[in-house]
Amino acid sequence: MAKPINPYLVLALAIILPGAGHVAVRNAMRGLIFAFFVVFFSVLTYVTTTPEQSFIGRHAGGLFVWALSIPDAYRRARVRAVTAPKA
């Protein structure tokens with residue numbers, strides 16, 4: 001079994017790109033699902049808001065899902081690192 005990736009690296013990847021942290025901990029399907037819903041809810045909130053809203057307001061749904069994915073990826077990496085067999 002491969003050595004688990006550093007949880008702080010996974011955290012950085014999750015902050016930079018939605019779903020990347022999950023892909024790094026070998027949970028690609030979950031990462032792709034998060035990335036899909038980030039795009040889906042960004043588009044949904046963009047379409048349902050007015051042009052007077054700020055960028056954050058117009059993409060709030062996607063940013064919310066992205067914010068949920070960050071601690072989830074870190075937690076999964078941390079659990080994997082703690083439960084990995086020591087060499």
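**Notes on a helix pair and a few residues**

1. The crossing of H3 and H5 is right-handed.

2. Which residues of H3 and H5 make the contact? On the H3 side, look for Arg 30, Phe 34, Phe 37, Val 38, Phe 41, Ser 42 and Thr 45. On the H5 side you'll find Ala 60, Gly 61, Gly 62, Leu 63, Val 65, Trp 66, Ser 69, Asp 72 and Arg 76. Sorted by type, the residues of this contact come out as eight nonpolar, five polar and three charged.

3. Before going further, remember that this is a predicted model. The chain has a mean pLDDT of 94, and 98% of its residues reach 70 or more. Among the elements of the chain, H3 has the highest mean pLDDT, at 97. The lowest belongs to helix H4 (residues 55–58), with a mean of 95. As a rule, where pLDDT is low, the predicted coordinates should not be read in detail.

4. Now zoom in on Ser 42, which sits in helix H3. Is Ser 42 buried or exposed? Its relative accessible area is 14%, so Ser 42 is buried, the cut-off being under 20%. Leaving aside residues up to four places away in sequence, Ser 42 touches Arg 58, His 59, Gly 61, Gly 62 and Leu 63. Gly 61, Gly 62 and Leu 63 also turn up on the H5 side of the helix contact.

5. Leu 68 counts as partly exposed because its relative accessibility is 45%. Have a look at Pro 18 as well: Leu 68 and Pro 18 are 50 residues apart in sequence, but their C-alpha atoms are 9.8 Å apart in space.

6. Last stop: Arg 26, in the loop between helix H2 (20–24) and H3. With 59% relative accessibility, Arg 26 counts as exposed, since the cut-off is over 50%. What is the phi of Arg 26? The phi of Arg 26 is near 65°, a positive value in a residue other than glycine. For background, most residues other than glycine have a negative phi.

Note on methods
Residues are numbered from 1 along each chain as its sequence is written. This is a predicted model: local features need pLDDT of at least 70, side-chain atom pairs count only at pLDDT 80 or more; totals for chains, interfaces and linings use all residues. Side-chain values use heavy atoms; hydrogens and water are left out. A crossing is left-handed if the near helix is turned anticlockwise from the far one by less than a right angle, and right-handed if clockwise. Helices (H or I, at least four residues) and strands (E, at least two) are DSSP runs, numbered from the N terminus. Contact means heavy atoms within 4.5 Å. Ala, Val, Leu, Ile, Met, Phe, Trp, Tyr, Cys and Pro count as nonpolar, Asp, Glu, Lys and Arg as charged, and the others, Gly among them, as polar. Buried means under 20% relative accessible area, exposed over 50%, partly exposed in between (1.4 Å probe, protein chains only). pLDDT is the predictor's confidence in each residue, from 0 to 100.
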